[in-house]
Amino acid sequence: MAIPAAEIALVEGRPILVTCNTAFRRAGLNEVSVLPMLIAALSLRVEELAGAQRESIEFPIAFGDVIDRRYFQATLARSAQDGPHNFVLMLVDHTAQHHTERSLRREMTTDSLTGLPNRQGFGDLIETVMAAGQAHAVLVVDLNRFGRLNACMGSLVADELLITVARRLKGALRSRDSIGRIGGNEFGVLMMIDSGGDEAHVLAERIERALAAPFRLTDFEVNVEGSIGIAFGADQDGDAEELIRHAQFAVKQTKSAGRTQVYHPQAFTRARAQFAMETALRHAIEREELHLAYQPICDLTTGQVVSFEALARWRDAEGREHFPSDFIPVAEESGLIVPLGRWAIDQALAQLTEWDRRTGGHCGIRMSVNVSAIQLQRDVIPDVIGQTLSRTGLSGDRLMLELTESAIVGDPDRVTGIMEALKTLGTTIAMDDFGTGYSSMAYLQRLPIDVLKIDRSFVSGMLADRDKIAIVRAVLGLAQALGMKTTAEGIETVELGQTLAALGCTYGQGYVYARPLDPDAAWAMIAAQA
Ligand code: C2E
Ligand code: CA
Ligand code: CA
């Protein structure tokens with residue numbers, strides 16, 4: 001098929017059509033409704049070529065009205081035979097291709113299940129509103145427990161539910177608001193703000209009410225609960241995607257707070273700082289930037305060091321020292337406590353082996369390692385410890401594990417099993433921070449606990465506080481009755497140590513004996529009493 005072509009001449013600075021071929025005519029390009037537009041589109045280009053050294057130039061041309069718009073790729077070349085002001089124009093019609101691209105784009109911005117704009121399309125909507133300077137807010141509606149429903153009922157039912165939810169949500173909106181499906185179980189609502197922030201809450205309530213009634217699907221009836229996060233456009237100078245993310249962040253906050261939450265930058269900053277710390281901690285574990293400090297635990301009657309407690313320390317790339325109270329919670333929340341905990345056990349036992357080697361036998365002390373409740377839930381601690389013990393050749397009684405009461409609260413039966421497995425390995429078990437949690441007497445009696453560690457909060461300042469003395473006495477009595485030993489934490493004065501010894505406490509730990517020490521200083525204490 002011939003390409004539409006025409007001869008163009010530049011006459012008094014304006015392009016005119018000299019002749020054209022049949023294809024040009026058949027394409028209707030010389031019609032009175034079209035030709036002037038085409039010529040107008042050409043005028044600058046023809047001048048450009050006339051003044052240039054080149055033989056030809058190529059450029060896109062679009063003309064027509066909004067409904068009947070046509071798209072061409074044009075090639076304009078100098079005419080070989082005729083004068084310097086004569087040109088040949090060739091046009092390749094791209095209109096069909098252009099339409100395909102447009103409908104493809106529409107498809108790319110539409111969720112095929114609900115027919116609503118998808119995340120991309122919803123973002124486009126927000127951008128239009130942002131560009132227009134109209135006050136707006138984004139509400140993200142998250143369907144709780146949707147994943148479980150999907151798993152239990154199958155994706156067909158889940159799809160049907162999503163379609164029905166979309167319809168109800170649409171019904172709850174005002175005419176100027178729009179809605180999109182921005183994730184598997186997440187819808188986004190873009191609302192115009194006319195009078196103020198209350199409007200968003202009113203709409204959120206309407207959405208909640210719309211979702212409240214049970215959904216009658218073909219084969220099931222289900223109840224759906226939505227959590228709603230709101231982010232106001234006025235608070236942002238970012239882009240659409242950021243606004244959506246902020247509303248999603250607010251949804252996350254509904255897990256710990258109420259059903260509808262408004263995005264607050266401070267909470268976001270805090271979460272981001274946590275996340276940054278998590279990333280840094282992950283690297284620290286990989287690059288082995290953590291180390292252990294060792295704090296002696298002494299026999300209160302003889303004053304001898306009986307063990308060291310291994311306490312994690314983290315010096316980051318900038319040389320800042322972080323303390324466990326900052327990074328252990330982050331490690332627990334992120335699951336990093338599993339590799340961190342394994343590392344601590346490994347490192348502590350490697351250190352003990354080294355001290356044994358230097359002594360030329362049993363160095364006379366044991367090692368205490370902290371095991372967090374989360375670590376106990378997520379890792380297979382008895383296996384990990386069994387392997388480390390056999391690798392180092394240490395006997396189990398050299399290791400004391402410090403667990404907290406919160407470890408037992410979650411799943412007492414499972415933890416009892418784990419503790420028994422640990423006892424089989426020969427390790428001793430201490431109940432850390434005793435008195436701060438919710439130990440039930442029943443469990444305390446049943447569990448294979450060797451030592452109760454009385455929390456620092458009861459010990460420090462005890463001499464001046466009758467209530468604290470009473471608690472400490474009670475714990476000591478309880479331990480004795482159950483055949484357990486006791487360690488008092490946080491002893492900062494000689495007098496306090498003596499009093500605790502007199503009250504029958506077995507061991508003591510605190511700054512008065514030593515702060516957590518580096519390995520060399522710890523070894524010096526061991527060597528001194530050998
Ligand atoms: P914790 O097990 O109760 O450890 C005792 C904490 O009290 C240590 O804080 C220690 O430095 C501090 N301390 C000892 N004696 C005194 C004293 O006389 N006065 C005062 N004011 N403080 C004293 P640290 O090292 O900051 O550790 C805090 C907590 O972090 C530990 O509390 C423990 O629960 C946790 N932790 C530390 N290392 C690890 C670890 O490797 N794994 C796990 N899961 N937790 C760890
Ligand atoms: Ca401890
Ligand atoms: Ca403690």
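Predicted model: local features only at pLDDT ≥ 70, side-chain atom pairs only at ≥ 80, totals over all residues.
View 1. D432 is buried, at 6% relative accessible area; D433 is partly exposed, at 26%. Buried means under 20%, exposed over 50%, partly exposed in between (1.4 Å probe, protein chains only).

**View 2. The largest nonpolar core.** This core has 75 residues; L281, F308, W355, M367, L452 and L500 touch the most other members. Helix α11 (residues 337-359) gives the most, 10 residues. A nonpolar core joins buried Ala, Val, Leu, Ile, Met, Phe, Trp, Tyr and Cys residues through side-chain atoms within 4.5 Å. Helices are DSSP runs (H or I, at least four residues), numbered from the N terminus.

**View 3. The surroundings of ligand 1.** Around ligand 1 are 22 residues; the closest are Q295, R313, R456, E492 and Y511. Each has a heavy atom within 4 Å of the ligand. A nitrogen atom of ligand 1 is 2.5 Å from a side-chain N or O atom of E492. An oxygen atom of ligand 1 is 2.8 Å from a polar backbone atom of Y511.

**Notes.** Residues are numbered from 1 along each chain as its sequence is written, and chains are lettered from A and ligands numbered from 1 in the order written. Local features need pLDDT of at least 70, side-chain atom pairs count only at pLDDT 80 or more, and totals for chains, interfaces and linings use all residues; side-chain values use heavy atoms, without hydrogens and water.

Key:
Helix = DSSP H or I, 4+ residues; strand = E, 2+ residues; numbered from the N terminus. Polar contact = N/O pair within 3.5 Å; in protein donor to acceptor, adjacent residues only side chain to side chain.
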